[in-house]
Amino acid sequence: MPNSSPVLPYDFILFDEAQDASDAMLDVVMMQPAVKVIVGDAHQQIYGWRFAVNSLEKVDFPVYHLTRSFRFDHEIASLAGRILQWKAHLGLQPEIQIYGSDPSGEIKSRATLARTNVGLLSKSIELLIEKGSVRKIYFEGRIESYTYADEGASVYDVLNLYLGQDQMIRDKLIASMKWFGDLEEYIEKTEDAALRLIVDIVKKYHRNLPNYIRQIKEAHVENHEKEKAGMIFSTVHRCKGLEYDEVTLADDFISEDKVIKWMNEGKGNSVNIHKIAEEINLLYVAVTRTRNVLNIPEGLLPRSRINVIAAAKKTPGFEIAEEEYFRNKKPPKSVQEKNKSGQPWTGEDDDILTVMYCEGKPLNTMARKLGRGYGAIQSRIKKLELPELYD
């Protein structure tokens, strides 16, 4: 019979990742006579779905904050802190102090991270098959598990429903649907995001999907050859504690707009607030997996009061002529001959150039009119500051 009150023969116990511990684990640690140190990050609590508890909130120990990361730089640290501030929309006011360190410029490992299994599967099809940007890939954990939603329904179940092959469906929920439209209606009512992703990927690839999954498995390297993969794919739950030189995020994470929308729709009860906070934690964990470069969808960036003004466009016709110049390497022969005189610019020349620039005349027209090469025209436009004055 197992001992329900074990005593560990240690003087000191360091209990790490305490934000995702179970009550049983915490009880065993707390009953020990050793000196105990509990370490964790409440904002990395992402296992509430398997009844993990935040041990940091259940003990009355002196608190010391570790605020500097030696993994990522100040820019990533700032972004991570701003994402955690979304919890203010939930009525939570997290005390956040995150500082980065000097980045390393070396890129040896690249990873694509997603919130869900199917979101990652979709991203792997995009990069490996549609774009062909990688040849060898690696999935953290078992690659077969990425064809399933969190609740157990697989891509193949939904595909068989879509193709009318009901006898091949294994999942009870999918098998209960009379046709594909019933599943879409169910998703609309329940807002099941994981199933919605499966439906989207089935509607996009349908009969090609099994072949694409086969190609993904063929491109997958073994565990001991992970460093040979051009891209590593993982959900956030599977890469917890890992790090990569460059990280690209899929677009299936929560956004600040979604947080605000859910709260405005009156879904801010205590249960949902905990779930939404954990969704914010997932994005925070994903962002902080990078050691150097982060590629993040625009929709996942925090709201900003800074409005970016687009750069002024070149005068119509000017850009086309400029491209023609660089393609041909030199201006037309007639213009070269006229330009041999090397005459200095006159006030009249400047006036003509200014008027033609404001009228949007192409570069070749300006060159012929003034008898000068394209380089001379461009240099004079810059010297007269015509883009700054008239664009």
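Two strands are taken to pair if DSSP finds at least two bridges between them, strands (E, at least two residues) and helices (H or I, at least four) being DSSP runs numbered from the N terminus. The structure is a predicted model, in which local features need pLDDT of at least 70, side-chain atom pairs count only at pLDDT 80 or more, and totals for chains, interfaces and linings use all residues. Residues are numbered from 1 along each chain as its sequence is written, and side-chain values use heavy atoms, with hydrogens and water left out.

Strand 3 (residues 110-114) pairs in the parallel sense with strand 5 (residues 231-235) over 4 bridges, and Ala114 stands opposite Thr235 in strand 5. Strand 3 also pairs in the parallel sense with strand 6 (residues 244-249), over 4 bridges; here Thr112 faces Thr248 from the opposite position. Because 4 of its 5 residues are buried, strand 3 is largely enclosed by the rest of the structure. Buried denotes under 20% relative accessible area, exposed over 50%, and partly exposed the range in between (1.4 Å probe, protein chains only).

In helix 16 (residues 374-383), the buried residues are Tyr374, Ile377, Gln378, Arg380 and Ile381. These residues cover an arc of only 165° around the axis, which puts them on the same side of helix 16; the arc is that of the directions from the helix axis to the C-beta atoms. An α-helix has 3.6 residues a turn, so residues three or four places apart point the same way. Lys382 and Lys383 are exposed on the other side of helix 16. Just after helix 16, Glu385 adopts a positive phi of about 55°.

Leu14 is located in strand 1 and is exposed, with a relative accessible area of 61%.
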